[in-house]
Amino acid sequence: MTHGSHDLRLTTDIGPFAQTLLDLEATTAEAYDRFVFRGDPQLADEVRRVTFARGVADFSPPTARLLFDGDHGEPVGMLALVPDTLFIERRRAAALAVGRVLHQHRATAVRERMAEAGAISLKAEPGDLVLARIAIAKQAEGRGYGRWLIERAADEARALGCARLVLDVAADNPRAFSLYSRSGFVELARRTVSSPSSPEVELTYCHLACPL
Ligand SMILES: CC(C)(COP(=O)(O)OP(=O)(O)OC[C@H]1O[C@@H](n2cnc3c(N)ncnc32)[C@H](O)[C@@H]1OP(=O)(O)O)[C@@H](O)C(=O)NCCC(=O)NCCS
């Protein structure tokens, strides 16, 4: 597949790039991590690693793909597309896996905030393909890779007979918003949560959908 003068390759073969995938994924979750994990990035990373390794994260293979530009080098981006039923299944399985990790850390407050964030997140409907993650490496931003990945996601959704591509975006991510609105997404709802113990830290999710 070509993009300008480049050869782009989107693959579910993660090969030796699992850590790169995790690092890219982490850039999509800044607002969530700030709300749920507060000052504990190590715990955030552990949760990410465990759910990924057990195959229950939204971005575990085979739903995760890496984007390469040319045959050599590091991935320039990642994309995770999850059909509605698998999305619901994986979220349940991930919650169980995370519960075990957090139990070891006695992180009750983290568990509560995770449930609060889950409660305001998108609920996939039958016929939805969930665009669960998209990220472009910092040094490769602004070159149209994000736009290209959304087009591939829409192609895949159509091929699967899905009626919509749907996603959650944190309200404080104008760059992602701009990409989604130029790609045909419209806002369905906006939901905010704050913890009773520290109401100044909020998380707002906007649920977006792109009809196909
Ligand atoms: C959001 C993100 C995926 C965009 O990818 P990208 O490859 O840089 O985006 P593109 O180059 O394809 O640009 C697409 C649109 O983004 C917008 N955009 C690009 N650079 C921008 C900038 N510096 N500021 C604001 N908007 C910008 C433009 O509207 C562009 O539209 P156009 O195609 O009509 O020109 C990327 O910045 C990223 O990975 N961010 C961190 C992870 C993240 O936030 N993921 C989304 C979580 S929901």
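**Notes on the predicted model**

1. Ser60 is buried, because 20 other C-beta atoms lie within 10 Å of its own, and a count of 20 or more is what the term requires. The model is a predicted one, and the burial of Ser60 is computed from it.

2. Where does Ser60 sit in the chain? Ser60 belongs to the loop that links α3 (41-53) to β3 (64-69). Leaving aside residues up to four places away in sequence, Ser60 touches Phe52 and Gly55. Ala18 is 42 residues from Ser60 in sequence, yet their C-alpha atoms are 9.6 Å apart in space.

3. On the chain overall: seven helices and eight strands are present. The C-alpha trace spans about 50 × 35 × 30 Å along its principal axes. A compact globule of 212 residues would have a radius of gyration near 17 Å, and the chain has 17 Å, so the two agree.

4. Of the 212 residues, 31% count as buried. Taking contacts between residues at least 6 apart in sequence, 73% join residues that are at least 24 apart.

5. Turning to the ligand, 20 residues surround it, and the closest are Glu141, Gly146, Arg147, Ala176 and Ser178. Two or more residues of this shell come from each of β5 (128-136), α6 (145-159) and α7 (174-182).

6. Which element gives the largest share of the shell around the ligand? That element is α7, with six residues. Sorted by class, the shell around the ligand holds eight nonpolar, seven polar and five charged residues.

7. Is strand β7 (residues 186-195) largely in the open or buried? Of its 10 residues, the number buried is zero, so β7 lies largely in the open.

8. The partner of β7 is strand β8 (residues 198-211): nine bridges join the two, which run antiparallel. Together β7 and β8 form a hairpin, with two residues between them. Within this pairing, Ser195 stands opposite Ser198 in β8. When viewing such a pair, keep in mind that side chains in a regular strand alternate between the two faces of the sheet.

Conventions: Residues are numbered from 1 along each chain as its sequence is written. This is a predicted model: local features need pLDDT of at least 70, side-chain atom pairs count only at pLDDT 80 or more; totals for chains, interfaces and linings use all residues. A residue is near a molecule or strand if its C-beta atom, placed from the backbone, lies within 6 Å of it. Helices (H or I, at least four residues) and strands (E, at least two) are DSSP runs, numbered from the N terminus. Ala, Val, Leu, Ile, Met, Phe, Trp, Tyr, Cys and Pro count as nonpolar, Asp, Glu, Lys and Arg as charged, and the others, Gly among them, as polar. A residue is buried if 20 or more other C-beta atoms lie within 10 Å of its own, exposed if 12 or fewer, and partly exposed in between; C-beta atoms are placed from the backbone. Two strands pair if DSSP finds at least two bridges between them. The radius of gyration is taken over C-alpha atoms; the globule rule is 2.2 Å times the number of residues to the power 0.38. Two residues are in contact if their C-beta atoms, placed from the backbone, lie within 7 Å.
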